[in-house]
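Here is a structure to question piece by piece. Each answer sets a value against a cut-off and draws a conclusion.

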Amino acid sequence: MAFTKTAKLQGSTDTYAVNPDVKRYTLRDNGFEEAKTGNFQYIRSLDDNSLNKQGIKLKVMVSSDLTQLKLSATTHNGLRAVNIYNGEAFIKIREKYEFIMQNFVEQGIFIKE
């Protein structure tokens with residue numbers, strides 16, 4: 001998956017873009033880690049049960065120049081994309097994802113389009 005100016009999860013209607021005023025320290029303060037390539041990544045489990053190693057993971061990546069991003073929800077090993085908007089089984093996971101993204105919007109990291 002390549003970086004794009006706007007991104008959304010499979011099945012979602014909410015589209016996000018990187019806020020042009022975001023700073024590197026804002027990303028670090030909100031749980032993003034800087035990779036060796038200079039990109040920033042945020043990887044968290046969306047499963048309520050912290051002992052469940054088979055849960056869904058949220059991956060958010062911001063390019064090193066802070067202009068583009070990637071969003072994905074994957075299986076625990078990151079090999080397969082999961083549509084969390086498909087069916088009633090993912091209601092809690094959707095709520096957690098939307099809460100995290102709303103927090104990023106409030107912190108000035110992303111703009112919801």
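Buried means under 20% relative accessible area, exposed means over 50%, and partly exposed lies in between. The model is predicted.

Q: Why is arginine 24 called partly exposed?
A: Arginine 24 has 34% relative accessibility. Buried needs under 20% and exposed needs over 50%. The value lies in between, so arginine 24 counts as partly exposed.

Q: What makes arginine 24 and glutamate 34 a salt bridge?
A: Their side chains meet at 3.8 Å, N to O. The cut-off is within 4 Å, for a side-chain nitrogen of Lys or Arg and a carboxyl oxygen of Asp or Glu. The pair therefore qualifies. Arginine 24 sits in helix α1 (residues 24–29), and glutamate 34 sits in strand β3 (residues 33–34), 10 residues apart.

Q: How do you know that glutamate 34 is partly exposed?
A: Glutamate 34 has a relative accessible area of 42%. That lies between the 20% and 50% cut-offs, so the label is partly exposed.

Q: What makes Arg24, Arg28 and Glu34 a network?
A: Salt bridges link these residues. Glutamate 34 meets arginine 24 at 3.8 Å. Glutamate 34 also meets arginine 28, at 3.6 Å, N to O. Arginine 28 is partly exposed, at 42%.

Q: How do you know that lysine 112 and aspartate 14 form a salt bridge?
A: The N to O distance is 3.7 Å. The limit is 4 Å, so the pair counts. This pair links distant parts of the chain, 98 residues apart. Lysine 112 lies in strand β7 (residues 110–112), and aspartate 14 lies in the loop between β1 (6–7) and β2 (16–18). By this rule the count comes to three salt bridges.

Q: Why are β3 and β6 called edge strands?
A: The open sheet of four strands has the order β3-β4-β5-β6, with antiparallel pairing. β3 and β6 (69–74) each pair on one side only.

Q: How do you know that β4 and β5 pair?
A: Six bridges join β4 (residues 40–45) to β5 (residues 57–62). Pairing needs at least two bridges, so these strands pair. They run antiparallel. Serine 45 has lysine 57 in β5 as its bridge partner.

Q: How does the span of α2 compare with the expected value?
A: α2 has 16 residues and reaches 22 Å from its first C-alpha to its last. That is close to the 22 Å expected at 1.5 Å a residue.

How values were computed
Residues are numbered from 1 along each chain as its sequence is written. This is a predicted model: local features need pLDDT of at least 70, side-chain atom pairs count only at pLDDT 80 or more; totals for chains, interfaces and linings use all residues. Side-chain values use heavy atoms; hydrogens and water are left out. Buried means under 20% relative accessible area, exposed over 50%, partly exposed in between (1.4 Å probe, protein chains only). The expected span of a helix is 1.5 Å times one less than its number of residues.
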